Amino acid sequence: MSGDLNEGDVERLRETIGGDVVLPGEAAYDPSRQAWNLAADQHPAAVVLAESADDVASTVLFATDNGLRVAPQGTGHGAGSVPDLSGAVLLKLSRLTDVSIDPAAGGARAGAGAQWRNVVGPAAEHGLAAMHGSSGTVGLVGYHAGGGHAWVGRSRGWACNNVRSFDVVTADGEQRTAAADSEPDLFWALRGGGGSHAIVTGMEVDLFEMTSAYAGGLLWEIERASEIATAWRDLTAAAPEELASTLKLVRFPPFPEVPDPLRGRALVGVTFAFRGSADDGEELLAPLRAAADPYLDQTGEVPAPALAEIAGDPPDPVPALAFGAPLDELGDDAVAAYVELAGPEADVPLIHLEIRHLGGALARGDAANGALDSLSSPYMLGAIGPVPVPEARAGVEATFAAIGERMEPWTSERTLLGFAEQNPDWRGSFPEEAAVRLADVRAAYDPGGLIVSNHDAG
Ligand SMILES: Cc1cc2nc3c(=O)[nH]c(=O)nc-3n(C[C@H](O)[C@H](O)[C@H](O)COP(=O)(O)OP(=O)(O)OC[C@H]3O[C@@H](n4cnc5c(N)ncnc54)[C@H](O)[C@@H]3O)c2cc1C
């Protein structure tokens, strides 16, 4: 028996729940504690693999009785900023993958273990699309807890403000529904306010009509970084809200699974999705093609579910650290600094240094919105650094520090929770009034601080 866990309590939990309880020392412990981000080395006092909301409620009561906290996790994409779990039960929700589409109501219900790739296909059967971001394997719950930057965000806002309801278990072990007309403060906090206020067991989200988009990626030799970055900045400054795009300076690893034209190469790329005709999309992107002939041009009309793949995010688990910082300006000097940091002259341990275009509806507030109401920053800087061995961590962290320092003149004072792995203090992601309200909701629903999140809010 591990640590101070009460043996009888563990046996009772095992008998009560439909899922599994795994303790340190057991053969299943290592695979069970593993997160999608392989760089996160989690050592919880126990792992519970839940199969129902009842399992979650039983786990909460078990943890309370044993003086442990509870760390809910869906996929583990956001595990990089989860604190030490030695005094916690790691509560895996990954088996709760049920998804159902209600075409008449234009919504989807998803279990807390659902990933976007589980939603986009069934939604498309009804001509509907979802508010996912660049990766199909990100889980809905953690994504919305951090706000949710979707391909269609510039026209539809933060994904969290398109959530209809959450089914939750609160720190007292009660099962509740949080929606506009039920537990409204909790509903507000769960929409972009981090994962500290309740354990989500399922949720209902808006879908919208879209069957296809003009989308894809253009890539150039890294030597063209300066012209492309400037052309992209100019293009985004005047872009309609239907056009979303990301600029990337990429180092493709020399691995056999990377396709031949990309393997081992340093390139500059623009990935985009346009809700409009291919003709209009081509016209919008013309300045990029005019700036330099692309090395690879993979653009065209794609079915809506393909948007969950066009960014080329890895579908399988990887060991990596992430950095993210909203930018308030992107003038010529900021573009030059960006290119200097990861362009042709730079030798950096990064997979990419990207700039996402925000703005549009992401910057517009609404009284009905949740904790992440709006963010005025028009761009967001992001970086991913691989850590195949623990010794690689220091080099990546030093690179992130150098990026942060060089881009500081244009960096927002606000962070964005879903991308703030290096700044786990949740307060930086909210205006003062929202931070106070989040702390109040935490005090009301989890006064003992039972729930551990990757941004321990409130
Ligand atoms: C490759 C990649 C691409 C990404 N692309 C985007 C993007 O385009 N747009 C965007 O907005 N974000 C993006 N992200 C960031 C992503 O949204 C966050 O990492 C998010 O935390 C992942 O959610 P998850 O549920 O998959 O991960 P998890 O690590 O399982 O969850 C993250 C946190 O959410 C909370 N949480 C999870 N499940 C529950 C639950 N059931 N109840 C209560 N709290 C819970 C916990 O605090 C947990 O620590 C990306 C991340 C990666 C790695």
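**Entry 1: the model.** I'm working with a predicted model, so I keep that in mind for everything here.

Entry 2: I then checked where D279 sits, and it belongs to helix α9, which covers residues 278–291. Is D279 buried or exposed? It's exposed, with a relative accessible area of 61%; the cut-off for exposed is over 50%.

**Entry 3: aromatic pairs.** Next I went for the rings. How many aromatic pairs are there? The count comes to six. I jotted down that a ring pair is described by the distance of the centres and the angle of the planes.

One of the pairs is W116 with Y143, 5.3 Å centre to centre and with 80 degrees between the planes. That pair is edge-to-face, as angles over 60 degrees count that way. W116 is in helix α4 (residues 116–124) and Y143 in helix α5 (residues 140–145), so the pair ties together parts 27 residues apart in sequence. I checked burial too: W116 and Y143 are both buried.

**Entry 4: another pair.** I also looked up F323 and F400, whose ring centres are 5.6 Å apart. Their planes are at 40 degrees, so I wrote this pair down as tilted. F323 comes from strand β16 (residues 320–327) and F400 from helix α11 (residues 393–407), so this pair ties together parts 77 residues apart in sequence. F323 and F400 are both buried.

Terms used. Residues are numbered from 1 along each chain as its sequence is written. This is a predicted model: local features need pLDDT of at least 70, side-chain atom pairs count only at pLDDT 80 or more; totals for chains, interfaces and linings use all residues. Side-chain values use heavy atoms; hydrogens and water are left out. Helices (H or I, at least four residues) and strands (E, at least two) are DSSP runs, numbered from the N terminus. Buried means under 20% relative accessible area, exposed over 50%, partly exposed in between (1.4 Å probe, protein chains only). Rings of Phe, Tyr and Trp (its six-membered ring) pair if their centres lie within 6.5 Å; planes under 30 degrees apart count as stacked, over 60 as edge-to-face and the rest as tilted.
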